[in-house]
Amino acid sequence: MEVRIRTAEVVMSLVVIAIAIACLMDGWHLKAGVFEPLGSGAVPNAVAAAIILLAFVVLAGFARTRSGEDADPERWGVAAVSFLLLAVYVTALALGLRYQWATLLYVPLAILTVAPDPRRSWPAALVCAGVLAFGLDYTFRYLLVTDLP
């Protein structure tokens, strides 16, 4: 048995951690709203912190003891496509595409990119996309009173 580290997943996790830290640093400078108990930076900072925590969980899970034959191949293509999808999603939001529609397209594509068997993952991907697209929009628009693009 040898300890093998999957470089593609480690590199992608480190990139995600760097982006989340940049978001945290930017969120610290947001002023708290007068009537908002959470403030304008609380939710983005909490999400960035959660993403950092999950990225560390992913990092911890990719140092495994495996034999040479059983080891999974590097997944550089999956990491690259995942990063490209994220870049397109953020760009679409910045260019004015509504959050619901951008998320409804991005989430299933992202899930199906990393799924071991995409044919069996379609129903779960669509449910997750609907909940995230419309549920989070409703939460931010009406419950937290934070306007999304």
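F134 is partly exposed in this predicted model, with a relative accessible area of 38%. Here, buried means under 20% relative accessible area, exposed means over 50%, and partly exposed lies in between (1.4 Å probe, protein chains only). Residues are numbered from 1 along each chain as its sequence is written, and side-chain values use heavy atoms, with hydrogens and water left out. Because the model is predicted, local features need pLDDT of at least 70 and side-chain atom pairs count only at pLDDT 80 or more, while totals for chains, interfaces and linings use all residues.

Two aromatic pairs occur in the structure. Rings of Phe, Tyr and Trp (its six-membered ring) pair if their centres lie within 6.5 Å; planes under 30 degrees apart count as stacked, over 60 as edge-to-face and the rest as tilted. Y89 and Y106 form a stacked pair, at 4.4 Å centre to centre and 20° between the planes. Y89 lies in helix 3 and Y106 in helix 4, so this pair ties together parts 17 residues apart in sequence. Y89 is buried, at 13% relative accessible area. F134 pairs with W101: the ring centres are 5.6 Å apart and the planes stand at 80°, so the pair is edge-to-face. W101 belongs to helix 4 and F134 to helix 5, so the pair ties together parts 33 residues apart in sequence. W101 is partly exposed, with a relative accessible area of 46%.

Helix 4 spans residues 99–114 and has 16 residues. From its first C-alpha to its last it reaches 22 Å, close to the 22 Å expected at 1.5 Å a residue. The expected span is 1.5 Å times one less than the number of residues. Buried residues of helix 4 include Y99, A102, V107 and L112. The buried residues of this helix pack against helix 3 (76–94) and helix 5 (118–143).

The protein chain holds five helices and two strands. Helices (H or I, at least four residues) and strands (E, at least two) are DSSP runs, numbered from the N terminus. The elements run β-α-α-β-α-α-α from the N terminus on. Of the 149 residues of the chain, 28% count as buried. Contact means heavy atoms within 4.5 Å. Among contacts between residues at least 6 apart in sequence, 70% join residues at least 24 apart. S13, in helix 1, is buried, with a relative accessible area of 6%. Leaving aside its neighbours within four places in sequence, S13 is in contact with A55, V58 and L59.

V11, V15, I19, W76 and F83 make a nonpolar surface patch of about 410 Å². Patches are made of residues with over 30% relative accessible area and no salt bridge: like charges are joined within 9 Å, nonpolar side chains (Val, Leu, Ile, Met, Phe, Trp, Tyr) within 5 Å. Accessible areas come from the Shrake-Rupley method with a 1.4 Å probe; for residues, only the protein chains shown count as cover. The largest share of the patch, three residues, comes from helix 1. W76 is found in helix 3 and is partly exposed, at 43% relative accessible area.

One salt bridge is counted. The rule asks for a side-chain nitrogen of Lys or Arg within 4 Å of a carboxyl oxygen of Asp or Glu. D117 forms a salt bridge with R119, the closest N and O atoms being 3.6 Å apart. D117 counts as partly exposed at 26% relative accessibility, whereas R119 counts as exposed at 72%.
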